[in-house]
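Let's take a look around this one, starting with a pocket and moving on to the ring contacts.

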Amino acid sequence: MFPDPFHFFTMYIGFSNLSLGSNSKLIPMGCFTRGYDALDSMLISAIGPIFLAALVMLWAAARLKNKTEETLRKKISRQHFSAVVMISFFMLPTACTAIFRTFFCKQFDGDENSFLIADYSVQCFTTRHNLNVFIAVCFVFVYVRTADQL
């Protein structure tokens, strides 16, 4: 248990957790689909910021298409770059948390199987889990490289 000041602080800023995963308070995906688990949550959380940033860049390209004035082009570019930074600021912590939760498994006494700590319904070291671990490692490198560029 965390100290009371930290607990209340995290409780009040919880709205900034822009997660679309299984722990989402905005859209609880588990209510809409059967079999939705922490591995699905990781994929959505990891792909979400990239998808939103791509949409912002497409929007910027559409706005810049017929603009010839250099100062206007720079202003539009700065606005969209700021939007991408805001997406990164709000969504990357959630995405990274979901990504790193993919690596932690627990083995219970008397059971030879390990289960994902984030979701005990997911058995570790299965083909599906190993594939998601590989994808999570790839996203770690993508996000580390992205953060390095910002």
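The lining of the second largest pocket splits into 13 nonpolar residues, four polar and no charged. Here Ala, Val, Leu, Ile, Met, Phe, Trp, Tyr, Cys and Pro count as nonpolar, Asp, Glu, Lys and Arg as charged, and the others, Gly among them, as polar. This is a predicted model, where local features need pLDDT of at least 70 and side-chain atom pairs count only at pLDDT 80 or more, while totals for chains, interfaces and linings use all residues. Residues are numbered from 1 along each chain as its sequence is written, and side-chain values use heavy atoms, with hydrogens and water left out.

In all, 17 residues line that pocket, and Ala 53, Met 57, Val 84, Ser 88 and Thr 146 lie nearest its centre. Helix α3 gives the largest share, seven residues, and α2 (38-64), α3 (70-101) and α4 (127-149) each supply at least two. The pocket's volume is about 280 Å³. A pocket, on a 1 Å grid over the protein atoms alone, is an open set of points where a 1.4 Å probe fits, with protein on both sides within 12 Å along at least five of seven lines; lining residues have an atom within 4 Å of a point. Points are joined across faces, edges and corners, and the volume is the space filled by probe spheres set on them.

Now the rings. There are four aromatic pairs in the structure, counting rings of Phe, Tyr and Trp (its six-membered ring) with centres within 6.5 Å; planes under 30 degrees apart are stacked, over 60 edge-to-face and the rest tilted.

Phe 108 lies in the loop between β1 (105-107) and β2 (114-116) and Tyr 120 in strand β3 (residues 119-123), so their pair ties together parts twelve residues apart in sequence. Ring pairs also bring in Phe 115, giving a cluster of Phe 108, Phe 115 and Tyr 120. Phe 108 is partly exposed at 33% relative accessible area, and Tyr 120 is partly exposed at 44%. Phe 139 and Tyr 143, by contrast, are both buried (under 20% relative accessible area; exposed is over 50%, partly exposed in between, with a 1.4 Å probe and protein chains only). They sit four residues apart in helix α4, about one turn of the helix.

Overall, the elements run α-α-α-β-β-β-α from the N terminus, with helices (H or I, at least four residues) and strands (E, at least two) taken as DSSP runs numbered from that end.
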